[in-house]
Amino acid sequence: MERVTGGGTLPALLLASVGFLVLCRILGRLRAGAALQDAVVVITGATSGLGKECAHVFHSAGARLVLCGRDAGRLQQVVKELNASARGGKPQRYVPSTVTFDLADTHSIDRAAEDILKCYGRVDVLINNAGISYRGNILDTHISVQRDVMETNYFGPIALTQALLPSMVRQRSGHIVVISSVQGKIAIPYRSAFVDTTTATGRDPRDVAHAVLKAVRHKSKDVVLAGPMPMVAIYLRTLWPALFFKITSSRARKEHKQKNT
């Protein structure tokens, strides 16, 4: 009896494996998308910029929003815009809730957290987006400015996260997003607490908001959205710090010279 071995077995197995991987990827995306439907998403600094764009993309994804900011009137304006954009279609879109408080006033954070939890009884995603910035020479910057930056950009988000974290622990789920500029990765001259035109005219808030949505869906741990040069600087700071500091020192001297000419 002659035994014949089929030549198509290996290709068939490879094709089946690729098909299985593609199916898993599709199912993963569908599961990630469904995870935000009805999820309670809290966004600080929701009245403008990235916070406002995050409100739009998460609202479109069917999340139940709690929008936070210092100006009640501006928060209600964002709510009106979101409601106006929710004309039919799927997924279901909810009327956003709002909580007004100043993130820099850490004494008000506990009350604000209680108000946030009263909206839907839980928090699934907390997006710490609110922040302030300032640009100036460290020699000319009063310590009160540094305190204001730290209160709003650091202590406020930490206090709010700590206040909401116990509810996430009880429900055994939750996602915390922290928004930072690339200066959160590397130190650049004149920007230890500051902003300039390069920072102010950075990535389009809509693009960043969609990236935040994708990161939450896929539970990404760390996402860096930057151009080629900032990415090179980040890796250079880690792999060759001596060269990084030489370059930044040269840049600082150049900027100082331009400022005084």
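Accessible areas here come from the Shrake-Rupley method with a 1.4 Å probe, and for residues only the protein chains shown count as cover.

**Figure 1. The whole protein at a glance.** This is a predicted model, where local features need pLDDT of at least 70 and side-chain atom pairs count only at pLDDT 80 or more, while totals for chains, interfaces and linings use all residues. Residues are numbered from 1 along each chain as its sequence is written, and side-chain values use heavy atoms, with hydrogens and water left out. Nine helices and five strands make up the secondary structure (DSSP runs numbered from the N terminus: helices are H or I with at least four residues, strands are E with at least two). Starting at the N terminus, the elements go α-β-α-β-α-β-α-β-α-β-α-α-α-α. Of the 261 residues, 32% count as buried; buried means under 20% relative accessible area, exposed over 50%, and partly exposed in between (1.4 Å probe, protein chains only). Among contacts with a separation of 6 or more, 72% come from residues 24 or more positions apart, a contact being heavy atoms within 4.5 Å.

**Figure 2. Helix H2, end to end.** H2 covers residues 49-60, and its 12 residues should span 16 Å at 1.5 Å a residue; the end C-alpha atoms sit 17 Å apart, which agrees. The expected span is 1.5 Å times one less than the number of residues in the helix. Leu50, Gly51, Cys54, Ala55, Val57, Phe58 and His59 are the buried residues to look for in H2. Just past H2, glycine 62 takes a positive phi of about 90 degrees.

Figure 3. The structure holds four salt bridges, each a side-chain nitrogen of Lys or Arg within 4 Å of a carboxyl oxygen of Asp or Glu. In this one, the side chains of lysine 52 and glutamate 81 meet at 3.2 Å, N to O. Lysine 52 belongs to helix H2 and glutamate 81 to helix H3 (residues 72-85), so the pair ties together parts that are 29 residues apart in sequence. Lysine 52 is partly exposed at 22% relative accessible area, and glutamate 81 is partly exposed at 27%.

**Figure 4. Helix H4 and its charged residues.** Here a salt bridge joins the side chains of aspartate 115 and arginine 111 (2.7 Å, N to O). Both residues lie in helix H4, four residues apart, or about one turn of the helix. Aspartate 115 is partly exposed, with 24% relative accessible area, and arginine 111 is partly exposed too, at 39%. Also in H4 is aspartate 110, which is exposed at 51%.

Figure 5. Is aspartate 124 buried or exposed? With 15% relative accessibility, aspartate 124 counts as buried. You'll find aspartate 124 in the loop between helix H4 (109-120) and strand E4 (125-128). Its side chain forms a salt bridge with that of arginine 122 (2.6 Å, N to O), and arginine 122 is partly exposed, at 29%. A polar atom of the aspartate 124 side chain also lies 2.8 Å from the backbone nitrogen of valine 40. Leaving out residues up to four places away in sequence, aspartate 124 touches Ala39, Val40, Met168, Gln171, Gly174 and His175.

**Figure 6. Serine 97 in strand E3.** Strand E3 covers residues 97-100 and includes serine 97, which is buried at 18% relative accessible area. The serine 97 side chain makes a polar contact of 3.4 Å with the side chain of tyrosine 120. A polar contact is a pair of N or O atoms within 3.5 Å; within protein, one must be able to donate a hydrogen and the other to accept it, and residues adjacent in sequence count only if both atoms are side-chain atoms. Beyond four places away in sequence, serine 97 touches Leu65, Val66, Leu67, Cys119 and Tyr120.

**Figure 7. A nonpolar patch on the surface.** Met150, Tyr154, Phe155 and Ile158 form this patch, with about 360 Å² of accessible area together. Patches are made of residues with over 30% relative accessible area and no salt bridge: like charges are joined within 9 Å, and nonpolar side chains (Val, Leu, Ile, Met, Phe, Trp, Tyr) within 5 Å. Tyrosine 154 is part of helix H5 (residues 143-171) and counts as partly exposed, at 42% relative accessibility.
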